[in-house]
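Here are my notes on this one, written as numbered points. Have the model open while you go through them.

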Amino acid sequence: MISDKRISQLEFIASDIISIIRNLNPSKAHGHDGFSIRMIQLSCDSIAKPLQLIFKNCFETSTFPAEWKKGNIIPIHKKDSKHEVHNYRSISLLPIFSKIFERIIFNALYNYIHQNKYFNPNQSGFRRGDSCIHQLIKITHDIHKSFDENPSKEVRGIFLDISKAFDRVWHDGLLYKIKTFGIEGNLYHLIKSFLTNRHQRG
């Protein structure tokens, strides 16, 4: 599907930036730059305007700042022996200003995709007001409906659990996909910049 709709611009409004900052969880860890959420929240009224100018400049130059693409990797134990590396999952701690900028981009993209009905109607995860519980209820309903028919229908299901799915995202394919959704111009190139030359350290 290639969309006839287009989105290439973003709005950066100081009040929106303040709202995003105030809704951050102050107990969350911060990135390598040392700016904590609590510190940012205490000064949000003062820094909203400078952040607005920085975000606008990043957008106009289609450049996601290199310093905001550096993540500190923290290992979190999942299960079993703590002496086995594969029993840990990694969390990347990024600068909070990066997360604020990402939230503005996300909100604009989510609203655009939702308004144009680009979400698959069967998708429940990562959608506002929806959840995987709704998907489970639908599957259960379909199974019972098939059993209740006369004669009963055969029901089959395939369930996949892709290991490290988010670590295996094909960036070129993702960029192609967002182009087909009509995401273009500075916004497209900003997302491309966001995905490239990222760095992590333990």
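1. Let's start with Leu-175, which sits in helix H6; helices here are DSSP runs of H or I with at least four residues, strands are E runs of at least two, and both are numbered from the N terminus. Leu-175 counts as buried because its relative accessibility is 7%, where buried means under 20% relative accessible area, exposed over 50% and partly exposed in between (1.4 Å probe, protein chains only). Leaving out residues up to four places away in sequence, Leu-175 touches Tyr-188, Ile-191, Lys-192 and Leu-195, contact being heavy atoms within 4.5 Å. Leu-10 is another matter: 165 residues separate it from Leu-175 in sequence, and the C-alpha to C-alpha distance is 18 Å.

2. A word on the ground rules. This is a predicted model, with residues numbered from 1 along each chain as its sequence is written. Local features need pLDDT of at least 70 and side-chain atom pairs count only at pLDDT 80 or more, while totals for chains, interfaces and linings use all residues; side-chain values use heavy atoms, with hydrogens and water left out.

3. Now the H6 and H7 pair. The axes of H6 (residues 171-180) and H7 (residues 185-195) come within 11 Å and cross at roughly 165 degrees; the axes are lines fitted to C-alpha atoms, for helices over the stretch in contact, and angles run from 0 to 180 degrees between N-to-C directions. H6 is therefore roughly antiparallel to H7, on a scale where under 35 degrees is roughly parallel, over 145 roughly antiparallel, 65 to 115 roughly perpendicular and the rest oblique.

4. By class, the contact of H6 with H7 has six nonpolar, one polar and two charged residues; Ala, Val, Leu, Ile, Met, Phe, Trp, Tyr, Cys and Pro count as nonpolar, Asp, Glu, Lys and Arg as charged, and the others, Gly among them, as polar.

5. Staying with H6, its buried residues are Gly-173, Leu-175, Ile-178 and Thr-180, and H7 is included in what covers them. Just after H6, have a look at Gly-182, which takes a positive phi of about 90 degrees.

6. H7 also packs against H3 (residues 44-60), at an angle of about 95 degrees and with the axes 8 Å apart. So H3 is roughly perpendicular to H7. Cys-58, Phe-59 and Glu-60 in H3 meet Asn-186, Leu-187 and Leu-190 in H7. That contact of H3 with H7 divides into four nonpolar, one polar and one charged residues.

7. Zero disulfides turn up in a search of the whole structure, a disulfide being a pair of cysteine sulfur atoms within 2.5 Å. Cys-44 counts as buried at 4% relative accessibility, and Cys-58 counts as buried at 7%.

8. Last, Ser-146 in helix H5 (residues 132-148). Ser-146 counts as buried, with 16% relative accessibility. Not counting residues up to four places away in sequence, Ser-146 touches Ser-152, Lys-153 and Val-155.
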